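Here are some friendly notes to read with the model open beside you.

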Amino acid sequence: MDYLVRIATSMGARPLRRLAGACLLTLFFAVAPQAHSTGRLAGGLAEVDLQLILAVDVSPSMSRVEQRVQRDGYVGAFRHADIASAIKAGERGRIAVLYLEWAGPSQQTVIAPWTIVESREDALTLADRLAALSLTEGRGTSISGALSAANYLFAKSGLRSPRRVIDVSGDGPNNAGALVDPIRQVLLAKGVTINGLPIALSPIGAADGFARYDLSNLQSYFDRCVIGGPDAFTIGVTDAAMFATAVRRKLVREISMNMDQVIYASYTERSGPTVDCNMIGQLPGR
């Protein structure tokens, strides 16, 4: 349990704290170390260039094959030399990463707690840790629940940084729990950036259930209803073979904020139909 912390009460986590309010879901959190380096605790308020929460969709619409492609994409990204190079180029030369898998309003699972990464070895160790852990799954698609959990996790990180970023991946809109915009506005008011990785993978077999949403519509939803804050952006993915590349380039941009080096894995114009974020938030869970 050192590196697996469950926030979801449905998975048996011991309740510690209740967050209640008009714009926050009630969440229960298990006891967890505040911050890990790879193999050692970070004492006090550790200073890093970036606090990055990778909020990864494991809702029922994500098939096991799709989940594996997603997890492997993050594992491959942290194994790539570009990530370590981007980290070392920062003022402090280190970042903190937390890997969160989410589904319905009451399920957010911290797969890897705050981990300080400041070398290629640290990045490889984090990648190996993610690769070794089992996939999780849940019911419902609550982006608002994931953002509420991220808000709490930032507050309890024991870290200090000039930038805080939530990287939300998902293959569909918020359809369970609270509306997205209230908690989104809370985070934006705190200077947090929310980026998006909308996933609309092409079918590779009828049983896999990929591509439930057209990328242009899904990216339009992420652009208008999910992302926000300083330098927020989305990168859409339609091809499983490009997922690892998309994740890596997205992480490099988030770490270094080098706006000139971004290459979209699947470029989609940001034009599209007007999206009613509140109506989407009222769809029944699936």
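1. The buried residues of H2 pack against H1, H3 and H7, and against strands S6 and S7. H3 spans 120-132, S6 spans 95-102 and S7 spans 108-117. Helices (H or I, at least four residues) and strands (E, at least two) are DSSP runs, numbered from the N terminus. Contact means heavy atoms within 4.5 Å.

2. This is a predicted model, where local features need pLDDT of at least 70, side-chain atom pairs count only at pLDDT 80 or more, and totals for chains, interfaces and linings use all residues. Residues are numbered from 1 along each chain as its sequence is written, and side-chain values use heavy atoms, with hydrogens and water left out.

3. Which residues of H2 (residues 81-88) are buried? They are Ile83, Ala84, Ala86 and Ile87, where buried means under 20% relative accessible area, exposed over 50% and partly exposed in between (1.4 Å probe, protein chains only). Seen down the axis of H2, these residues fall within an arc of 160 degrees, so they line one face of the helix. The arc is taken from the directions from the helix axis to the C-beta atoms.

4. H1 (residues 64-79) and H7 (residues 243-256) have axes that come within 8 Å and cross at roughly 50 degrees. Axes are lines fitted to C-alpha atoms, for helices over the stretch in contact, with angles from 0 to 180 degrees between N-to-C directions. H1 and H7 are therefore oblique to each other; angles under 35 degrees count as roughly parallel, over 145 as roughly antiparallel, 65 to 115 as roughly perpendicular and the rest as oblique. From H1, the contact uses Val69, Gln70, Gly73, Tyr74, Ala77 and Phe78, and from H7 Phe243, Ala244, Val247, Arg248 and Leu251. By class, this contact of H1 with H7 has eight nonpolar, two polar and one charged residues.

5. Now look at H4 (residues 143-155) and H5 (residues 180-189), whose axes come within 9 Å and cross at roughly 25 degrees. H4 and H5 are therefore roughly parallel to each other. On the H4 side the contact is made by Ile143, Ser144, Leu147, Ser148 and Asn151, and on the H5 side by Val180, Ile183, Arg184, Val186 and Leu187. The residues of the contact of H4 with H5 divide into six nonpolar, three polar and one charged. Ala, Val, Leu, Ile, Met, Phe, Trp, Tyr, Cys and Pro count as nonpolar, Asp, Glu, Lys and Arg as charged, and the others, Gly among them, as polar.

6. Finally, the whole protein: eight helices and ten strands, with 54% of the 286 residues counted as buried.
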